[in-house]
Amino acid sequence: MKKTAKKRAHAKSPSRKAGQPISKASKKNSSGRSFKQRKVVEHVGTDVAQGSGGESHQMAEESGKKLTTAHGMVVADNQNTLTAGSRGPQLLEDFILREKIFRFDHERIPERVVHARGYGARGYFEVTDDLADVSSAGVFQPGRKTDVFVRFSTVAGNKGSADLARDVRGFAVKFYTDEGNWDLVGNNIPVFFIQDAIKFPDLVHAAKAEPDRGFPQAQTAHDNFWDFISLMPEAMHMVMWSMSDRGIPRSFRFMEGFGVHTFRLITAAGKSTYVKFHWKPALGLQSVTWNEALKINGADPDYHRRDLWNAIEDGNFPEWTLGVQLFDDDFADEFEFDVLDATKLIPEEQVPVRTVGKMVLNSNVDNFFAETEQVAFCTQNIVPGIDFTNDPLLQGRNFSYLDTQLKRLGSPNFTQIPVNAPRCPMAHLYQDGHMATNNPTGRTNYEPNSRSEEGLPRECPEVGFVSHPEEAEGRKERVRSETFADHYSQAIQFYKSQTETEQTHIVEALVFELSKVDDAAIRRRMLASLLNVDDGLAKSVASGLGIDSMPTKTRAVVKPRTDLAESDALSILKNVPGTFDGRAIGALISSGVDAKALKALKRAAWKEGAQVKYVALTREGIVDSEGNSVKIDEKVNGGPSVLFDAIAVLATDDGAEDLMTEPTAHDFVKDAHAHKKFVFHTRTAAPLFVAAGIDIGSSPAGYTEVRSAKSASAFVEACRALRCWDRTLP
Ligand code: HDE
């Protein structure tokens, strides 16, 4: 039977119309062996040779790059295994097949135990206001420009999980400084869940999929997480942040980054100044709503990585400023909380952030695995001029990161992988190990030695790293400092500093998460803890869950303070950037679309630095009112409005009628309306809105109709508010 099929396929092979001429003749290769030339056909612009079974072969041009094995031998056929006869058994001798499968079998390395899902890019950091007065580090000296590699990530999900999980985002930066690599491995939230590294494995076990069932993926909305949190009051401040809009950023480009811990900056004379690091996005902060996040995860699970990749490819290089909060021992002594406690922040109103430089990401990786996956951040990578403090979380991290890289990358030689290798001169006596590609040469691999003539590396106290000589004395003990005992005051301060809209989002997030918890006792225990943050918050969450009787407050070890001043810097919505730069408008259009309106919208968006993406019923074939064909970016059922920051619906009469037959076109406008996005529309598009249940006649807030050439500019100007939060929904 097989033979008949084979014969038929052969008989049907297309006759030669395009591409190169057929030669059935045998040719000789360089080793003098003869081989059959293959028929070449054109597959929509690509020439492909057909083998005897109809399989596609792409062969190297005479001067082109030739496919080789890992050992460099040129491969003649990458489509067929060596067999005994064309339909016979495979031969073990086929070393090419075995090498290819062996390489494939070993392609995966263990994913990161946390922060597995991430995306990286290259760029530079440039000093704009030097820190020479407080640090000797070269990276902070006037005019210095340093290459960086940045990786953003979620924490809980596996490598293949969706980008819009409600989660903390990692913000890790590797500076390739002239004095060695400095890794600032931070998050988009300035505090952490726990105070002592010994609790990290418990926190992560509780947050990740439950061990018996292996789900849920990339979510904290489950019993284990909230069981743990309800028994860990120190987490309450961070929980307020992760349940706020900070947990669902619009993209990496619109989020802040924080070093979290207090570090030290050190001058050449050894003077120490405490420092907290802040990254601020040039385009301002922006988040999505939870309902959008859920839908984006379905429509485009790669939303964040695609956004970063596209921005860099388009030349819209994402930018952040680096700022520092500097303070001394006197401030640390007077401050309400312990500066070594990573569950606390220092409000910017108390210690202003001094901008020292900017970071620009201007280059995408050439290979995701080689760079983004293999990059190995280590908190202990610091350089002279920067030092640690005794923050117990930071000290624990300094062990963990090196250890985890060995597990992930399989060899201490991970420092030789280009993305990890320092760009400054290196000289040491480390050697051997798996995958050693950079062994020191010469006879002498020890120190001290008597071979100064060989130019061997020697220690150098003048410029080498010297730890800050902080006094350290005390009893050896396992005890949490009493100065860490206030767990609620800053949670209260954070909640009070949010706008009403943001507070509502926190309530809704907590209700969503806790509604996924099966054990009623855990839900009540969380309420008991929330009562220490805010009565109204706790009651709203209770009402959302349908709980009538409130539990008794969790006992707070230190009486929570309600007198801490509100801090506007903690809110996203109090700091709307006032620009639509870097955002995208999804324009739903139909054939015959008004060319002038389209042009006006594009021009207004372009002037603002925003993009217009065209969405239609078809991917091709849309022609505007002047007969120009319009390149469509998304077919409407694959390009929902959740992917855009604002929408335009520029349908003609007929177009609106066609769109009304497509359920996803209804969703397009219904969702944008519910997500309080700004809307630009033609009058003729009205029936689509009405069909989607939106009474466009009553001029809902945030809607602009196409009336004149100026309407588009008015719409884009309105978009600067990012969302129309005061739109009332039925
Ligand atoms: Fe991490 N963390 N972490 N972490 N972390 C890791 O290192 C750890 C913490 C952060 O893009 C791991 O290379 C401990 C705080 C980021 O490659 C691991 C503790 C902050 C990334 C690890 C913390 C972070 C990691 C897993 C408590 C914000 C991703 C893979 C003491 C300041 C880096 C890896 C990347 C990754 C341990 C707490 C940020 C296991 C023990 C606080 C951004 O080493």
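Trainee: Across which strands does helix α17 lie, and at about what angle does it run to β21?
Mentor: Keep in mind that this is a predicted model, and start by finding helix α17 at residues 663–674. This helix lies across β16, β17, β21 and β23. Its angle to β21 is about 135 degrees.

Trainee: In what order do the 6 strands of the open sheet with parallel pairing stand, and which strands are at its edges?
Mentor: The order is β20-β17-β16-β21-β22-β23, and the pairing is parallel. An edge strand here has a single partner strand, so one side of it is left without a neighbour in the sheet. The strands in that position are β20 (634–635) and β23 (703–705).

Trainee: What is the order of the open sheet of 3 strands, and which of its strands stand at the edges?
Mentor: The pairing in this sheet is antiparallel, and the order is β3-β4-β5. Two of these strands each have a single partner strand, so one side of each is left without a neighbour in the sheet. These edge strands are β3 and β5 (56–57).

Trainee: Which residue in the hairpin of β3 and β4 takes a positive phi?
Mentor: Strand β3 (residues 39–43) and strand β4 (residues 46–50) run antiparallel and are joined by 5 bridges. His 43 has Thr 46 in β4 as its bridge partner, while Val 41 stands opposite Val 48. The hairpin has 2 residues between the strands. The residue with a positive phi of about 40 degrees, although it is not a glycine, is Val 44.

Trainee: Where is the cis peptide bond to Pro 216, and where is the one to Pro 448?
Mentor: The bond that joins Phe 215 and Pro 216 is cis, with omega about 5 degrees, and Pro 216 has its place in the loop between α3 and α4. The bond from Glu 447 to Pro 448 is also cis, with omega near 10 degrees. Pro 448 lies in the loop between α10 and α11.

Trainee: How do the axes of α11 and α12 cross, and which residues make the contact?
Mentor: The axes of helix α11 (residues 489–496) and helix α12 (residues 500–515) come within 9 Å and cross at roughly 125 degrees. That angle makes α11 oblique to α12. The contact residues divide into 4 nonpolar, 1 polar and 1 charged. They are Phe 494, Tyr 495 and Lys 496 of α11, with Gln 503, Ile 506 and Val 507 of α12.

Trainee: Which element supplies the largest share of the shell around the ligand?
Mentor: By class, the shell has 11 nonpolar, 8 polar and 3 charged residues. At least two of its residues come from each of β8 (169–177), β9 (180–187) and α10 (392–409). The largest share is 6 residues, and the element that supplies it is α10.

Trainee: How far is an oxygen atom of the ligand from an N or O atom in the side chain of Arg 151?
Mentor: Among the 22 residues around the ligand, those that come nearest include Arg 151 and Arg 397. A nitrogen atom of the ligand is 3.4 Å from an N or O atom in the side chain of Arg 397, and for Ser 400 an oxygen atom of the ligand is 3.0 Å from such a side-chain atom. For Arg 151, the distance from a ligand oxygen atom is 2.7 Å.

Note on methods. Residues numbered from 1 in each chain as written. Predicted model: local features only at pLDDT ≥ 70, side-chain atom pairs only at ≥ 80, totals over all residues. Heavy atoms only, no water. Axes fitted to C-alpha atoms, helices over the stretch in contact; angles between N-to-C directions. Helix = DSSP H or I, 4+ residues; strand = E, 2+ residues; numbered from the N terminus. Parallel < 35°, antiparallel > 145°, perpendicular 65-115°, else oblique. Contact = heavy atoms within 4.5 Å. Nonpolar A, V, L, I, M, F, W, Y, C, P; charged D, E, K, R; others polar. Near = heavy atom within 4 Å. Polar contact = N/O pair within 3.5 Å; in protein donor to acceptor, adjacent residues only side chain to side chain. Pairing = 2+ DSSP bridges.
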